[in-house]
Amino acid sequence: MEKYVIGLDIGTTSAKAVLFKKNGSVIAESEWGYSVSHPNPSWSEQDPIIIEKAAITAIRSVTKKAGVMKKQVIAVGISTAMHSLICVDNKYNPLSPSIIWADGRSVEQANKLRLQTDIYLKTGTPIHPMSPLCKLVWMKENDYQPYIEAAMFVSIKEFLLLRWFGEAVVDYSIASATGLFNIHTFDWDDDVLEVAGVTRNQLSKPVGPTAICQGLTSELANLLGLETDTPFVLAGSDGPLANLGIGAIAPGDVAITVGTSGAIRQMASKPQTDNRQEVFCYAVTEDRWIMGGPTNNGGIVFQWLRDVLGEKEVELALTKGENAYELLTKLASTVTPGSDGLLFLPFLNGERAPYWDANARGSFIGLTMAHKKEHMIRAGLEGVVFSLYSVAVALERLAGESINIFASGGFARSPLWLQIVADIFGQPVHVPQSHQSSAWGAAWFALLAVGEASSLESIKDSIPMKQTYEPNNLASNNYKELYKTYYQLYEVLKPHFSTIANYQRNVK
């Protein structure tokens, strides 16, 4: 009887369940979306109960779609986005929304904490409003009622594990992303806990990525379409799992992922941090760390371009059954690389690496009467990749030069975007058949946990690859020239970003 494994990937906009064979072949996928609310300027929240329901529905739907029997699913590995924070009571009910990575309410607290460089050096988490540490300090300083009443503070993954199994455990990479976890001791850091105003018994127990939760109730098992004893494996956060799922685990292997947000990451055999605080360094296993930097602005930039400039394409998509993004990409592909000198700083949502500046704002630079909609769209796509390249420059300083580049995430479905990556980085870009690399990374840890895989490294033999994008020398030279200007623009505009951001926060 064929055995299957599920990778459950809970992202910013949806919960995805992917059913894999042990060789990495995708049998079926199921995705259920949910929204982000913004009750105040710069706040970003989600309903954790709605996310739980989406996760349950996605798992049930994927097994039903594939027509597999319950006993054929040997394990479920869990991947989730980093930096979410939920206050829960002692019965695991949410007292607060899930405050996600994009939330910017703790800018003031982050600015103060950034002066304490020892926090970053110990935790590897850059001081930024995305960090649960900064969110907790905001809660403490603002007498946030759910914070005062909370029995525990958890991520969305811990929330599910508490409600499904009653177990308060957290994998190393999710714990690392809180800013409360010491990446050298693999434990919560007492000094940082004091800063946040929380105690150890309000946090989950940190465990390795192959830790298993087991023992679903009959009611929940029926809802999920699984056996009651199906092992759920903690695995990790979406970033390191994307590296694993794409095979980027050796020195020099670099993974670029763009979904709603984006990131560039490289595995390391020892933790590396320095006073410049440009990149993150999170624990994954007891002998592997993930280094890199996230951008707040990945696919969300393309979504904004579609909403603002793509009215015609959206209408065509609705009336003729086409894809609005593909229509916009086709239009952008008619423009030469470099968008005829139009640059876009893609900081629509503030920015994380390498600037860690929640005040950063998006900007078109170089607009002329000759530029049209297609130039703006292409410049937007190029701006996202320029942003990732600026992180790569910072990453190479600590982790070494990139040798192989692998692409994953939703943008890996766009040939134009992938060619832009190859041209801006000046290196070939390798793309797997499935863009669900985080789900496959989670599934691989699940296979390791139940003894169906031999090692972390052996996943390289179980990643069906699709194609490689080679850089175009002329385009690469154009981008090198433009990057010199792109790189300088942030520092020139930084004081003006702060002025504008403060105005936007206070406007009535």
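The structure is a predicted model, in which local features need pLDDT of at least 70 and side-chain atom pairs count only at pLDDT 80 or more, whereas totals for chains, interfaces and linings use all residues. Residues are numbered from 1 along each chain as its sequence is written, and side-chain values use heavy atoms, with hydrogens and water left out.

Strand S22 (residues 429-432) runs antiparallel to S23, to which it is joined by four bridges, and His430 stands opposite Thr468 in S23.

Within this sheet, strand S15 is largely enclosed by the rest of the structure, because six of its six residues are buried; buried denotes under 20% relative accessible area, exposed over 50% and partly exposed the range in between, for a 1.4 Å probe and protein chains only. Both faces of S15 are covered, with Asp253, Ala255 and Thr257 buried on one side and Val254, Ile256 and Val258 buried on the other. S15 runs parallel to S21, with five bridges joining the two, and Ile256 stands opposite Ala407 in S21. Five bridges also join S15 to S16, in this case in the antiparallel sense, with Gln266 in S16 as the bridge partner of Val254; S15 and S16 form a hairpin with three residues between them. Strand S16 also holds Gly262, which is buried with a relative accessible area of 6%. With residues up to four places away in sequence not counted, Gly262 touches Thr257, Gly293, Pro294, Thr295, Gly298 and Leu388, where contact means heavy atoms within 4.5 Å. The C-alpha atoms of Gly262 and Val384 are separated by 8.5 Å, although these residues are 122 residues apart along the chain.

A further open sheet has six strands, in the order S3-S2-S1-S5-S14-S13, again with mixed pairing. Its edge strands, S3 (26-33) and S13 (212-213), each pair on one side only. Strands S1 (residues 4-10) and S5 (residues 73-80) pair in the parallel sense over seven bridges, and Ile6 stands opposite Val76 in S5.

Angles are taken between N-to-C directions from 0 to 180 degrees, with axes being lines fitted to C-alpha atoms, for helices over the stretch in contact. Helix H1 lies across S1, S2, S3, S5 and S14, at about 150 degrees to S3. H1 (residues 48-66) also packs with helix H6 (residues 156-165) at an angle of about 70 degrees, their axes being 11 Å apart. In this contact Pro48, Ile49, Ile51, Glu52, Ala55 and Ile56 of H1 meet Ile156, Phe159, Leu160, Arg163 and Trp164 of H6.

The whole structure contains 21 salt bridges, a salt bridge being a side-chain nitrogen of Lys or Arg within 4 Å of a carboxyl oxygen of Asp or Glu. One of them joins Glu452 to Lys3, the closest N and O atoms being 3.0 Å apart. This pair links distant parts of the chain, with Glu452 in the loop between H16 (437-449) and S23 and Lys3 in the segment before S1, 449 residues apart. Glu452 is partly exposed, with a relative accessible area of 26%, as is Lys3, with 35%. By contrast, Asp103 and Arg105 are both buried, and their salt bridge places the closest N and O atoms 2.8 Å apart.

Conventions
Two strands pair if DSSP finds at least two bridges between them.
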